[in-house]
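Thanks for making the time this morning. I would like to walk through one model with you, starting with helix packing and then turning to the ligand.

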Amino acid sequence: MIYLDHNATTPADPRVVKKMLPYFSEKYGNPSSVHSFGQEARAAIEEARHHIATLMHCHEKEIIFTSGGTEANNLAIRGTLEATKKKGRHLVTSSIEHHAVLNVFKRLEKEGYEVTFLPVNSDGRIEIQTLAEALRPDTVLVSVMTANNESGVMEPIEEIGFLLHERGILFHTDAVQAVGKIPLDCSSLPIDLLSASAHKFGGPKGAGFVYCRKNIRINPQIVGGHHEKGRRAGTENVPCIIGMGKAAEIAHQEINKEVFRIGALRDKLEEGILKSIPEVRIVSKNVLRLYNTSLVLVKYVEGEAMLLNLDFEGIEVSSGSACTSGSLEPSHVLLACGYPHEDAHGSIRFSLGKTNTEEEINTVLEVFPRVVEKLRKMSPFKAQSLT
Ligand SMILES: *Cc1c(COP(=O)(O)O)cnc(C)c1O
């Protein structure tokens, strides 16, 4: 199998798994227990928090553990809105967010907030001027993702943050696709709240965190005991949190080592595709984007058909957003960038990771053009365009 779907999930690093294993069996203590057996688990959790704080350049107290990126987004957005003293009713987000942000805002709309879903330009970027014009005196919170999961496009979060801080507006960023892939420095970035997920950077599924800048009030969304300083109740997922800590430690040490190698493989893949397949385009090719991601639009062919044919050949990719596959809706990200429906339907995402090799990319460059050619021969769209 050639796995090119790392934006959907990554394999847990073997060093992560090794670190987690004892906490299922011999070290099963509850970190809230007062006895030393429980306190051993507590110490391991706090060590994990330390590794994450080091990766994010923040204080340990600013990290709140959650069950993943989705819960992190819910807690960061809803938790601060509930706690804020500034009682404005206007919120801003972008139209290209992951559903774990978009649907939180759609729910808030039903609950009486007014939400502006900002458009993006044809590159998939928020324009700072558009944001500035959308802000109102009663705007309380803005959420814009750090990097898009489908296209890899990076949003201008630094510029956005500085603008918002001048106006006293809270800024949240869904950084699930960026954490562990690119360096992020919360001590200098103008960010109040940030969400991340372990399984997107070599950790286990079922763990994530919110970075919540100190002095920002946040109400728990899961209510119960006094875990995470009263910000998220429930006995900690000890093995997964420890795994996430190890993944953060590895990312912090190796972040610069892999960027160049993976980036070169992605570039080779793109050059090969452009050379061997007519009528394709790479979305936002010349825009600042994640070095591991390539979103390809192939004319006259359905993304799902390419995905299934590649799967049959042992190559695992994604068509548009994983969350929308299974439904016939084209990617909301591509539509927001202004691509017509028929182009958006022909999208396929390659997302690379640490395990990928040059040999694998060579195989993809041999198989993918053949798959496209075969599908185009049977394509009703192609036939239509020729008549
Ligand atoms: C995967 C992803 C999420 C959801 O994270 P989970 O840990 O799977 O809940 C949120 N936002 C983005 C951008 C993602 O890629």
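**Helix packing and the ligand site**

Let me begin with helix α3, residues 69-83, and helix α4, residues 99-110, which pack at an angle of about 35° with their axes 9 Å apart. Please keep in mind throughout that this is a predicted model. The crossing of these two helices, α3 and α4, is right-handed. On the α3 side the contact is made by Thr-70, Asn-73, Asn-74, Ile-77, Arg-78 and Leu-81, and on the α4 side by Ala-100, Val-101, Val-104, Phe-105, Arg-107 and Leu-108. Sorted by class, this contact between α3 and α4 has seven nonpolar, three polar and two charged residues.

The second pair is helix α2, residues 36-56, with helix α7, residues 238-276, and here the packing angle is about 30° and the axes are 8 Å apart. In this case the crossing of α2 and α7 is left-handed. From α2, the residues in contact are Ala-41, Ala-44, Ile-45, Ala-48, His-51, Ile-52, Thr-54 and Leu-55, and among those they meet in α7 are Val-238, Ile-241, Ile-242, Gly-245, Ala-248, Glu-249 and Ile-255. The contact of α2 with α7 counts 13 nonpolar residues, four polar ones and one charged.

Now to the ligand, and a question that I expect some of you have already: which residues around the ligand come nearest? There are 13 residues around the ligand, and of these Thr-70, Asp-174, Gln-177, Ser-197 and Lys-200 come nearest. By class, the shell has two nonpolar, nine polar and two charged residues.

As for individual atom pairs, a backbone N or O atom of Gly-69 lies 2.7 Å from an oxygen atom of the ligand. For Gln-177, an N or O atom in the side chain is 2.7 Å from a ligand oxygen atom, while a polar side-chain atom of Lys-200 lies 2.8 Å from an oxygen atom of the ligand. Taken on its own, the ligand has 380 Å² of accessible area, and the protein covers 87% of that.

Note on methods
Residues are numbered from 1 along each chain as its sequence is written. This is a predicted model: local features need pLDDT of at least 70, side-chain atom pairs count only at pLDDT 80 or more; totals for chains, interfaces and linings use all residues. Side-chain values use heavy atoms; hydrogens and water are left out. Axes are lines fitted to C-alpha atoms, for helices over the stretch in contact, and angles run from 0 to 180 degrees between N-to-C directions. Helices (H or I, at least four residues) and strands (E, at least two) are DSSP runs, numbered from the N terminus. A crossing is left-handed if the near helix is turned anticlockwise from the far one by less than a right angle, and right-handed if clockwise. Contact means heavy atoms within 4.5 Å. Ala, Val, Leu, Ile, Met, Phe, Trp, Tyr, Cys and Pro count as nonpolar, Asp, Glu, Lys and Arg as charged, and the others, Gly among them, as polar. A residue is near a molecule or strand if one of its heavy atoms lies within 4 Å of it. A polar contact is a pair of N or O atoms within 3.5 Å; within protein, one must be able to donate a hydrogen and the other to accept it, and residues adjacent in sequence count only if both atoms are side-chain atoms. Accessible areas come from the Shrake-Rupley method with a 1.4 Å probe; for residues, only the protein chains shown count as cover.
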